[in-house]
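Subject: Structure handover

Hi there,

Here is the structure I promised to pass on, with my notes below it. Have a look at it first, and then read on for what turned up.

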Amino acid sequence: MTGDIDVVRLRDAVVLSNGFPLLSGVDLAIPSGSLSVVTGANGAGKTSLLRLLAGLVPLTSGVATVAGIDLAEGDLRQLRRRVGWLGHEGSFYDDLSVRENLVFAARALDRPTGEIGSVVERVGLTHRIDTTTRQLSAGQRRRLGLAWLLLRRPELWLLDEPYASLDDDGRTFFDGLLGDVVAGGATVVVSAHDPLRSAALSPRTILLAGGRVVNDSQ
Amino acid sequence: MIRTALLVAAKDLRIELRSRVLLWQVVPFGVMALLLSGLALGPAHAGSSSAGPGLFYLVTLFVALLMINRSQAIESTPGTRASVATLGLDPAGVFLGKSLALCVELWATGLVLLAGAILVLHTALHGALVALPSIGVTLAAMAAAGTLYGALTAGGDGAATLLPVLTLPAFAPLLIAGERSFSAALHGGALWEWWVILAVALVVYLAIGVLLYGVLEES
């Protein structure tokens, strides 16, 4: 079920990096409590769009509001505390264990560390909780990323290619968990390469090409 | 801010304890550099040379540059940087925490190098002990300045080579004051004026870091 309020509103949003356009006039609205899939070829602008929504790259021109915060003039640090980011590069301190990474995140956000055990159990990493992140497989690192986000409970989940390196069990697990997150009222935006996976995951597919939205299935 | 600082410092020190880069790479490099300095002076001059304090700080400079790069490399993986950015940590606290962790690491390395200087360069034990407080303040100021400049170069092209170019002008007054203070402790002379210079430099670098670290992170 989607809410009436748009968590994301972009109008003619442009992001330049060293003069090169990463996003070239994106218009987009994403309602709260929805799951949207951003798809497109390599270099289409999927990661740039998600990074813009996370407040990780500056808006060059246009109008952009995320969770009610103006990306041009608002407090980006405040925005970042309200969004959750899971990148495809791996997102943790490699020399810390699963538990230590989550304790760090919890303490940084003033969250009780007592929840860590249940969150780790939910993502199926209990048997690896004292393993350093460096020793985890790619799929287990994704699961740790989900644990990090579950602990944080952000309003807006931004997942960049979360299905990369996942086996079928991992993909099914991800699908189920994202469904639960949306049912709980959060908004999820996922970037994905695979059109079949995109269609299975959500009825809303946003196709990017050359830094523009060329098709929006809503 | 203090809470964030302690959180970040504990995290950095835990990573260092786990990875043992300091123990197995940085400290051996420093000891070897000190040993080579002693050999370069020759056995006849190592004990009587007044170059001991200067050589100690020169080796400490090399070691500090390695450790500053290491301190920033912990945060430089693109995914880690983005994930940690979404925690919304107070940048002043992050600066103080990273400076504190780097300072503790520099103090530990400094003690080993000082012991090396006593053994290899025949630096007088009593003078080295008298110099300890000024060495501590010098290394603390280097940690603060290094954290600031490390953030400036982190993630950029050629960060490892750009860092020494940027930091040397900032470190120069610290090294000069540190060396003078160490020499005064060994050979006699006024100590307090060098201490004042070092303490002022420490406070200035800490203040600049607290005020500007957020801007550097964003840029």
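Two strands count as paired here if DSSP finds at least two bridges between them. On that basis V14(A) stands opposite S61(A), which belongs to β4(A). Please keep in mind that this is a predicted model.

Going through the neighbours in turn, β1 (residues 6-17) and β2 (residues 20-31) of chain A run antiparallel and are joined by 9 bridges. In that pairing A13(A) faces V26(A) of β2(A). The hairpin of β1(A) and β2(A) has 2 residues between the strands, and in it N18(A) takes a positive phi near 50°. On to β4 (residues 61-66) of chain A: 5 bridges link this strand to β1(A), again antiparallel. Lastly, β4(A) pairs with β5(A) in the antiparallel sense over 2 bridges, and here T65(A) is opposite D70(A) of β5(A).

**The six-stranded sheet of chain A**

Chain A also has an open sheet of 6 strands with mixed pairing, in the order β6-β7-β8-β3-β9-β10. At its edges are β6 (83-86) and β10 (212-216) of chain A, each of which pairs on one side only. On average, neighbouring strands of this sheet are turned by 20° against each other, direction ignored.

Starting from the β6 end, β6(A) and β7 (residues 156-160) of chain A are parallel and share 4 bridges. G84(A) is opposite W157(A) of β7(A). Helix α5 (residues 138-152) of chain A packs on the sheet and touches β6 and β7 of chain A, with a direction that makes about 175° with that of β6(A).

Further along the order, β3 (residues 35-40) and β9 (residues 204-209) of chain A pair in the parallel sense over 5 bridges. S36(A) has R204(A) as its bridge partner in β9(A). β9(A) and β10(A), by contrast, run antiparallel and are joined by 4 bridges, with N215(A) in β10(A) as the bridge partner of L207(A). The hairpin of these two strands, β9(A) and β10(A), has 2 residues between them, and G210(A) takes a positive phi near 60° there.

**Backbone angles to look at**

If you check torsions, two loop residues may interest you. R153(A) is not a glycine, yet its phi is positive, near 50°; this residue lies in the loop between α5 and β7 of chain A. E161(A), also not a glycine, has a positive phi of about 50°, and its place is in the loop between β7 and α6 (168-183) of chain A.

**Salt bridges**

Over all chains, the rule gives 18 salt bridges. In one of them, the side chains of R141(A) and D94(A) meet at 3.1 Å, N to O. R141(A) is in helix α5 of chain A and D94(A) is in the loop between β6 and α3 (98-108) of chain A, so this pair ties together parts that are 47 residues apart in sequence.

**Where the two chains meet**

How many residues of chain B are in contact with chain A? The count is 24 residues of chain B against 25 residues of chain A. Between them the two chains bury about 2300 Å², with 60% of that on carbon and sulfur atoms. R18(B), T86(B) and L87(B) supply 27% of the area that chain B buries against chain A, more than any other three residues.

R18(B) turns up again in a salt bridge with E100(A), at 2.8 Å from N to O. On the side of chain B that touches chain A, α1 (2-19), α5 (78-85) and α9 (192-218) of chain B each supply at least two residues. That side of chain B divides into 10 nonpolar, 7 polar and 7 charged residues.

Best wishes

Conventions: Residues are numbered from 1 along each chain as its sequence is written. Chains are lettered from A and ligands numbered from 1 in the order in which they are written. This is a predicted model: local features need pLDDT of at least 70, side-chain atom pairs count only at pLDDT 80 or more; totals for chains, interfaces and linings use all residues. Side-chain values use heavy atoms; hydrogens and water are left out. Contact means heavy atoms within 4.5 Å. Buried area is the accessible area (1.4 Å probe) that two parts lose on being put together, summed over both. A salt bridge is a side-chain nitrogen of Lys or Arg within 4 Å of a carboxyl oxygen of Asp or Glu. Ala, Val, Leu, Ile, Met, Phe, Trp, Tyr, Cys and Pro count as nonpolar, Asp, Glu, Lys and Arg as charged, and the others, Gly among them, as polar. Axes are lines fitted to C-alpha atoms, for helices over the stretch in contact, and angles run from 0 to 180 degrees between N-to-C directions.
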